[in-house]
Amino acid sequence: MRWTLRDIQAGRLKLSPVSDEDLHVLAELGLIELHDDEPGLTEAGAAVLSD
């Protein structure tokens, strides 16, 4: 999932599409939020990547 978060952060979803199931799991964990159907990292998601 860390690679998925990195792809979201870098805006590479057109090159590496993410499954709806993965997006749902990340949203449930509070690591992403959807804005106009585009995922973006939450503070918690960014913190995971900074570890």
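Student: Aspartate 37 lies in the loop between S1 and S2. What counts as a strand or a helix?

Tutor: Both are DSSP runs numbered from the N terminus: helices are H or I runs of at least four residues, and strands are E runs of at least two. This is a predicted model, in which local features need pLDDT of at least 70 and side-chain atom pairs count only at pLDDT 80 or more, while totals for chains, interfaces and linings use all residues. Residues are numbered from 1 along each chain as its sequence is written, and side-chain values use heavy atoms, with hydrogens and water left out.

Student: Which phi does aspartate 37 have?

Tutor: Although aspartate 37 is not a glycine, its phi is positive, about 65°. Aspartate 36, also not a glycine, has a positive phi of about 55°.

Student: In what order do the elements of the protein chain run?

Tutor: From the N terminus on, the order is α-α-β-β-α, which comprises three helices and two strands. The radius of gyration, taken over C-alpha atoms, is 10 Å, close to the 10 Å that the globule rule gives for 51 residues, so the protein chain is as compact as a globular protein of that length. That rule is 2.2 Å times the number of residues to the power 0.38. The C-alpha trace spans about 25 × 20 × 20 Å along its principal axes.

Student: Which residues form the largest nonpolar core?

Tutor: A nonpolar core is a set of buried Ala, Val, Leu, Ile, Met, Phe, Trp, Tyr and Cys residues joined through side-chain atoms within 4.5 Å. The largest here has eight residues: Leu5, Ile8, Val18, Leu23, Leu26, Leu31, Ile32 and Leu49.

Student: What does isoleucine 8 touch?

Tutor: Contact means heavy atoms within 4.5 Å. Leaving aside residues up to four places away in sequence, isoleucine 8 touches Leu13, Leu23, Leu26, Ile32, Pro39, Gly40 and Leu41. Across the protein chain, residues 24 or more positions apart account for 40% of the contacts with a separation of 6 or more.

Conventions. Buried means under 20% relative accessible area, exposed over 50%, partly exposed in between (1.4 Å probe, protein chains only).
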